[in-house]
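Hi,

Here is the model I promised to pass on. Have a look at it first, and my notes follow below.

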Protein chains: 2
Amino acid sequence: MSPELRADAQRNRAAILAAASETFAEHGPKATTEQVAIRAGVAVGTVFRHFPTKQALLVAIMKESLHRLIAKAAESTLFDFMTEIVDEAVRTQTVVAAFTGPQLDIRDALMGLTEEMRRLLEQAKDAGEVRSAVQVDEVMALLTAAAQAAQQGGWSVDLRRRTLAIIFKGLAP
Amino acid sequence: MSPELRADAQRNRAAILAAASETFAEHGPKATTEQVAIRAGVAVGTVFRHFPTKQALLVAIMKESLHRLIAKAAESTLFDFMTEIVDEAVRTQTVVAAFTGPQLDIRDALMGLTEEMRRLLEQAKDAGEVRSAVQVDEVMALLTAAAQAAQQGGWSVDLRRRTLAIIFKGLAP
DNA sequence: TCCAAAGATGAGTCTCCACTCAGGTTGCGA
DNA sequence: TCGCAACCTGAGTGGAGACTCATCTTTGGA
């Protein structure tokens with residue numbers, strides 16, 4: 001589909017993605033393009049050759065974050081998965097940014113995450129761990145709220161566990 | 001304490017505070033100083049004469065927001081108060097900004113809010129509406145999380161009610 | 001090996017915004 | 001009423017950060 005990239009271009013693109021992933025995870029979306037370029041061992045112009053805008057690069061990273069999460073959902077349970085996502089949000093700022101991102105591509109990935117949540121939710125209901133009246137949007141709302149606040153408020157592991165415990169009790173029958 | 005302001009200066013200061021309150025409530029902390037100045041019918045220089053930095057002005061507004069909330073706590077119950085705060089957060093962006101603000105002055109006001117929450121929490125425990133094991137920091141964490149997410153996610157009234165209902169159930173005995 | 005096209009470079013442009021200050025205006029005490 | 005200190009004004013300064021592009025370098029097919 002894409003007209004083959006030259007070898008050096010491929011190398012640089014990979015380096016930029018890796019660097020952006022780390023940089024945005026660490027400093028959030030407000031990290032500069034130059035920070036990414038330096039970390040990738042490349043000039044700013046090169047970053048813009050591969051990604052037309054900083055936003056486009058960010059979106060690529062956020063999608064990657066979400067897809068990594070979605071992949072983990074397969075072999076998990078609702079409560080474990082929610083815990084994992086909140087923990088991941090504290091680790092990498094990109095996750096929370098993705099939850100708030102208005103970009104179309106991200107909306108799609110978020111929809112994918114929602115689908116997985118729906119599946120885990122049904123599973124939890126069948127196991128009698130969650131009230132049958134609970135809806136997915138409520139679970140997603142609670143999840144994004146906890147993830148966002150945990151990250152921005154610098155919640156300790158302990159506080160995260162206790163807060164989630166209250167939420168889980170709220171979901172239980 | 002302060003050396004009397006001239007009449008016009010007093011008028012302008014009041015206009016600036018009112019304008020800033022509306023502007024920041026509407027557009028959040030990223031609103032520009034010039035937007036505030038225009039709304040106050042004043043030149044930018046005047047804004048900076050009354051408040052040394054934009055941050056200082058923002059802090060003044062955020063403190064005001066918090067104190068207004070604290071005042072309402074007196075004649076409310078825990079669950080009603082939490083609902084009210086989340087609703088207010090959706091209305092005025094300043095509230096959420098205050099929850100995340102690292103400024104010292106705000107930390108003080110937040111402490112005041114925490115004290116009120118502690119009081120309402122004890123009251124709710126006595127009424128048998130909340131488990132005695134629940135701690136204030138957990139309640140504050142859940143509150144800020146819901147407020148922040150509701151505001152940034154544009155939660156509908158309905159979703160806010162349903163989400164809070166789950167949290168309340170999680171707090172109940 | 002050679003060279004044209006693809007790619008890389010990084011100083012420079014552009015835009016936005018907080019903040020300043022020289023010069024004009026106004027309130028108010030004497 | 002006068003005079004001046006307190007105020008106000010808004011064009012200008014400085015810095016940050018996204019993005020560009022003329023110029024140089026590298027790749028890979030002939």
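Before anything else, a salt bridge here means a side-chain nitrogen of Lys or Arg within 4 Å of a carboxyl oxygen of Asp or Glu. With that rule, the side chains of A:R162 and B:E138 form a salt bridge, with 2.8 Å from N to O. Over all chains, the structure holds 28 salt bridges. A:R162 sits in helix α9 of chain A and B:E138 in helix α8 of chain B, so this pair joins two chains. (Helices, H or I with at least four residues, and strands, E with at least two, are DSSP runs numbered from the N terminus.)

Some housekeeping: this is a predicted model, where local features need pLDDT of at least 70 and side-chain atom pairs count only at pLDDT 80 or more, while totals for chains, interfaces and linings use all residues. Residues are numbered from 1 along each chain as its sequence is written, chains are lettered from A and ligands numbered from 1 in the order in which they are written, and side-chain values use heavy atoms, with hydrogens and water left out.

Now the fold of chain A. It has 9 helices and 0 strands, so to speak plainly about the order, the pattern along the sequence is α-α-α-α-α-α-α-α-α. Its C-alpha atoms fill a box of roughly 55 × 35 × 25 Å along the principal axes.Chain A is also split into domain 1 (1–51) and domain 2 (59–171), with bounds that come from an automatic or database domain assignment. The centres of domain 1 of chain A and domain 2 of chain A, taken over C-alpha atoms, are 28 Å apart. Their contact (heavy atoms within 4.5 Å) takes 10 residues from domain 1 of chain A and 8 residues from domain 2 of chain A. About 590 Å² is buried between these two domains, with 64% of that from carbon and sulfur atoms. Buried area is the accessible area (1.4 Å probe) that two parts lose on being put together, summed over both. The count of salt bridges between domain 1 of chain A and domain 2 of chain A is 0.

What about the contact between the chains? Chain B and chain A each put in residues: 24 from chain B and 24 from chain A. Together they bury about 2,000 Å², 63% of it on carbon and sulfur atoms. On the chain B side, B:R162, B:I166 and B:K169 lose the most area to chain A, together 30% of what that side buries. There are 4 salt bridges between chain B and chain A. The rule also finds 11 residue pairs in polar contact across this interface, both residues at pLDDT 80 or more. (A polar contact is a pair of N or O atoms within 3.5 Å; within protein, one must be able to donate a hydrogen and the other to accept it, and residues adjacent in sequence count only if both atoms are side-chain atoms.) The elements giving two or more residues to the side of chain B that touches chain A are α8 (136–153) and α9 (157–171) of chain B, and α8(B) has the largest share, 10 residues.

Last, the aromatics. Rings of Phe, Tyr and Trp (its six-membered ring) pair if their centres lie within 6.5 Å; planes under 30 degrees apart count as stacked, over 60 as edge-to-face and the rest as tilted. The whole structure has 2 aromatic pairs over all chains. One of them is A:F79 with A:F168, stacked at 4.2 Å centre to centre and 15 degrees between the planes. This pair links distant parts of the chain, with A:F79 in helix α5 (residues 78–91) of chain A and A:F168 in helix α9 (residues 157–171) of chain A, 89 residues apart.

Cheers
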